[in-house]
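Trainee: I have a structure open, and I would like to learn how to read it. Can you take me through it feature by feature?

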Amino acid sequence: MKVKGEPTNVEAARAGSNYRNFPMVPRVIFGPGSFDQLGEILMPRRKHAEAPVVFLVDDVFEDSPLLGRIPLLFDDQIILISASEEPKTWQVDALVSRIRESFSSTPSGIVGIGGGTLLDLAKAVAIMLNNPGETSGYQGWDLVGKPAVYHVGVPTLSGTGAEVSRTAVLLGPDRKLGINSDYTTFDQVVLDPDLTRGVPRDQWFYTGMDCFIHCVESLNGTYLNAFSQSYGEKAQELCEEVFLGDLPEAESREKLMMASWHGGMSIAYSQVGIAHALSYGLSYVLGTPHGLGNCLVFRHLGAYYPEGVRQFGSMLAKNNIRLPEGVCAGLTEHDLDTMVQVALSMVPLWENALGPDWQTQATPEVIVDIYKRI
Ligand code: NAD
Ligand code: ZN
């Protein structure tokens with residue numbers, strides 16, 4: 001079992017190689033109601049009538065008016081997918097087989113509509129439609145040989161930054177690891193803040209805190225550089241307005257969507273830190289969703305991120321959010337040991353947080369102590 005963090009630009013520089021040349025989303029549309037322009041955005045990308053656009057949509061929208069607004073033409077297909085579990089490599093393989101069997105031509109495009117789960121699935125399906133073999137073979141860095149099918153991300157939940165990142169995080173047969181490649185990044189993103197209207201309040205908070213924690217970990221990391229700082233500071237400021245201010249709802253939705261974008265840009269060129277390392281352990285053993293896992297861990301990290309944890313406490317109180325307690329209470333020593341191993345394997349995250357001699361501070365005892373308090 002391996003769980004790994006992403007080597008960063010700074011590591012590449014330290015290793016004496018060149019700085020990494022990151023792809024960015026080349027086209028983005030922003031604004032309430034902008035989803036209705038999706039039809040005209042897709043039109044020039046349609047190759048012919050037999051090459052459909054496949055829409056992967058969070059099944060939370062099954063009976064919602066959003067489905068009727070999807071610009072279907074010819075043989076286009078909507079595939080509804082549950083986001084109740086984080087995305088898996090076998091799920092991508094099954095979707096790719098289903099799409100290949102349904103159509104005589106490779107699709108003109110894949111559109112992912114949902115939170116981080118659907119966005120990552122859409123990225124991975126678009127890659128695998130043009131590359132041979134199984135999805136798990138591409139978990140890692142720069143293993144993708146051929147460009148993906150044209151793919152579009154439409155976030156309906158703000159915070160993960162998956163809409164801007166060059167990774168699609170998947171649980172595979174023996175590890176949770178992203179497909180990190182220049183071909184992973186979306187060709188087009190549609191940022192329509194109105195699509196986040198129906199998000200349950202707890203989920204809004206947890207995924208929003210994923211963004212806030214990206215900022216704290218990036219801004220307080222040893223990998224920090226002017227590129228990451230400029231995006232991280234803006235994202236953090238927007239999170240403070242959203243979670244500590246009294247913004248009108250529509251403005252709050254817009255600002256959180258932009259915070260997610262900037263937070264994603266910030267970690268692209270630096271790295272996350274201790275909360276993410278520990279959250280991966282929780283997720284691996286307990287299946288805890290990413291945003292919630294980060295929150296559960298982060299409140300116990302005052303020794304590492306004092307100001308961020310203080311602000312997090314104020315955000316919890318201001319928004320009347322109660323985090324689950326006793327989450328690790330029933331765990332065996334073996335479970336705890338697995339969680340510690342998963343967390344410690346995220347080397348770049350620890351190095352970003354604590355510097356090159358991180359192992360002197362992040363001992364198994366220290367980590368078990370934090371887990372036992374969750
Ligand atoms: P999610 O996509 O898993 O969705 C969480 C819940 O919110 C689901 O029940 C979903 O149905 C619901 N939901 C989404 N939009 C809704 C809406 N508008 N109205 C009502 N309900 C809605 O949540 P997430 O936190 O956005 O994504 C988590 C995933 O993102 C994890 O798999 C994580 O690994 C991944 N992630 C990826 C990156 C990346 O860079 N690729 C970064 C961080 C996290
Ligand atoms: Zn995160």
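Trainee: How are the donor residues of the zinc ion (ligand 2) spaced in sequence?

Mentor: The spacing pattern is D-x3-H-x61-H-x13-H. Keep in mind that this is a predicted model.

Trainee: Which atoms coordinate the zinc ion (ligand 2)?

Mentor: Asp210 gives an OD atom, while His214, His276 and His290 each give NE2. The distances run from 2.1 to 2.2 Å.

Trainee: Why does the pair His214 and His290 tie together parts that are apart in sequence?

Mentor: Look at where each residue sits. His214 lies in helix 5 (residues 201–219) and His290 in helix 9 (residues 290–298), so the pair ties together parts 76 residues apart in sequence.

Trainee: What is the geometry of the zinc ion (ligand 2) site?

Mentor: Start with the ideal case. Four tetrahedral donors have ideal angles of 109.5 degrees. To count as tetrahedral, four donors need all angles between 85 and 135 degrees. Here the angles among the 4 donor atoms span 85 to 167 degrees, and the site is irregular.

Trainee: Is His214 buried or exposed?

Mentor: Check the relative accessibility against the cut-off. Buried means under 20%. His214 has 3%, so it counts as buried.

Trainee: Now the chain as a whole. Into which domains is the chain divided?

Mentor: Domain 1 covers 31–196, and domain 2 covers 200–372. Their centres, taken over C-alpha atoms, are separated by 26 Å.

Trainee: How many residues of domain 1 and domain 2 are in contact?

Mentor: Count each side on its own. Domain 1 contributes 19 residues and domain 2 contributes 21. Between them the domains bury about 1,700 Å², with 67% of it on carbon and sulfur atoms.

Trainee: Which residues in domain 1 lose the most area to domain 2?

Mentor: They are Ser158, Val164 and Lys176. Together they make up 30% of what the domain 1 side buries.

Trainee: What is the count of salt bridges between domain 1 and domain 2?

Mentor: First, the general idea. Side chains of opposite charge can pair when their charged atoms come close. Between domain 1 and domain 2 the count is 0. The model's count comes to 16 salt bridges.

Trainee: Which residue forms a salt bridge with Asp36?

Mentor: Arg69 does, with the closest N and O atoms 3.1 Å apart.

Trainee: Which residue forms a salt bridge with Lys176?

Mentor: Glu86 does, and the closest N and O atoms are 2.7 Å apart. Lys176 is in strand 8 (residues 176–180), while Glu86 is in the loop between strand 3 and helix 3 (89–102). They are 90 residues apart. Now compare accessibility. Lys176 is buried, with a relative accessible area of 8%. Glu86 is partly exposed at 23%.

Trainee: Where do Glu249 and Arg253 lie?

Mentor: Both lie in helix 7 (residues 249–268), 4 residues apart, about one turn of the helix. Glu249 counts as exposed at 60% relative accessibility, whereas Arg253 counts as buried at 12%.

Trainee: Which residues do salt bridges that share partners join into one network?

Mentor: Asp142, Arg166 and Asp182.

Methods
Residues numbered from 1 in each chain as written. Chains lettered and ligands numbered in written order. Predicted model: local features only at pLDDT ≥ 70, side-chain atom pairs only at ≥ 80, totals over all residues. Heavy atoms only, no water. Donors = N, O, S within 2.8 Å, 3.2 Å for Na, K, Ca; no water. Tetrahedral: all angles 85-135°; square planar, octahedral: opposite > 155°, others 65-115°. Helix = DSSP H or I, 4+ residues; strand = E, 2+ residues; numbered from the N terminus. Buried < 20%, exposed > 50% of the residue type's maximum accessible area, 1.4 Å probe, protein only. Domains from an automatic or database assignment. Contact = heavy atoms within 4.5 Å. Buried area = accessible area lost by both parts, 1.4 Å probe. Salt bridge = Lys/Arg side-chain N within 4 Å of Asp/Glu carboxyl O.
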